[in-house]
Amino acid sequence: MSARPTAEDFRPHVGTRFGVRVQTPRPVELELTEVREYRPQANEPDGMERFSLFFRGPGDIMLKQGTFTLEHPALGEHLLFMVPIAQEPEGFRYEVVFNYFRSEKEP
């Protein structure tokens, strides 16, 4: 994976599970359900990396907004700021947003 994550780093892993390091009565895993890229608007500067990751977690444990270490067998560990965005019949839904300037070395 690149020094800074990109949407393409995560896209092949949609449908896989990420472990969450958190103090709960039992281990928590989140399923990556979607990777959504955002097209730049006319008034925005060039060279931005903007995308969101959407996860679904269990319905009986809601993780509060905050920074969590997510672990994945292929992607390793990532410290990510995650926000709960919905409670659905299948479980809680979470979003992680990436928004940064790519360096000159990055495409």
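A salt bridge is counted here where a side-chain nitrogen of Lys or Arg lies within 4 Å of a carboxyl oxygen of Asp or Glu. E77 and R21 meet this criterion, the closest N and O atoms being 2.2 Å apart. The legends below describe close-up views of a predicted model.

Figure 1. The closest N and O atoms of E77 and R21 are 2.2 Å apart. Because E77 belongs to strand β5 and R21 to strand β1, the pair ties together parts that are 56 residues apart in sequence. R21 has a relative accessible area of 45% and is therefore classed as partly exposed. E77 is also the bridge partner, in β5, of E71. The C-alpha atom of R21 is 9.9 Å from that of L79, a residue 58 positions away in sequence.

**Figure 2. Six strands close into a barrel.** The strands follow the order β1-β2-β3-β6-β5-β4, and their pairing is antiparallel. From one strand to the next, the twist averages 45 degrees. In general, the strands of a sheet pair through backbone hydrogen bonds, in either a parallel or an antiparallel arrangement.

Figure 3. Strand β1 (residues 17-21) runs antiparallel to strand β2 (residues 28-37), and four bridges join them.

Figure 4. Strand β4 (residues 66-72) and strand β5 (residues 76-88) are antiparallel and share seven bridges. Three residues separate β4 from β5 in their hairpin. The bridge partner of E71 in β5 is E77. Strands β5 and β6 are likewise antiparallel, with five bridges between them. Two residues lie between β5 and β6 in the hairpin that they form, and E88 has G91 of β6 as its bridge partner.

**Figure 5. L79 is an exposed residue of strand β5.** L79 lies in strand β5. Its relative accessibility is 63%, so L79 counts as exposed. When residues up to four places away in sequence are set aside, L79 touches T67, F68 and T69.

**Figure 6. E95 is buried without a salt bridge.** E95 is located in strand β6 (residues 91-101). The nearest side chain of opposite charge, that of R36, is 5.7 Å away from this buried glutamate, whereas a salt bridge requires a separation within 4 Å. The side chain of E95 instead makes a polar contact of 2.7 Å with the side chain of S52. Apart from neighbours within four places in sequence, the contacts of E95 are Y38, S52, L53, F54, F81, M82, V83 and I85.

Figure 7. The side chains of R11 and E37 form a salt bridge, with an N to O distance of 2.5 Å. R11 is in the loop between α1 (7-10) and β1, and E37 is in strand β2, so the pair ties together parts that are 26 residues apart in sequence. R11 counts as partly exposed because its relative accessibility is 30%, and E37 counts as partly exposed at 45% relative accessibility. The network links E8, R11 and E37.

**Figure 8. The salt bridge between D60 and R26 joins two loops.** The closest N and O atoms of D60 and R26 are 2.4 Å apart. D60 lies in the loop between β3 (48-56) and β4, and R26 in the loop between β1 and β2, so the pair ties together parts that are 34 residues apart in sequence. With a relative accessibility of 57%, D60 counts as exposed, whereas R26, at a relative accessible area of 34%, is partly exposed. The count of salt bridges in the model comes to eight.

Terms used:
Residues numbered from 1 in each chain as written. Predicted model: local features only at pLDDT ≥ 70, side-chain atom pairs only at ≥ 80, totals over all residues. Heavy atoms only, no water. Pairing = 2+ DSSP bridges. Axes fitted to C-alpha atoms, helices over the stretch in contact; angles between N-to-C directions. Buried < 20%, exposed > 50% of the residue type's maximum accessible area, 1.4 Å probe, protein only. Lys, Arg positive; Asp, Glu negative; His and termini not counted. Polar contact = N/O pair within 3.5 Å; in protein donor to acceptor, adjacent residues only side chain to side chain. Contact = heavy atoms within 4.5 Å.
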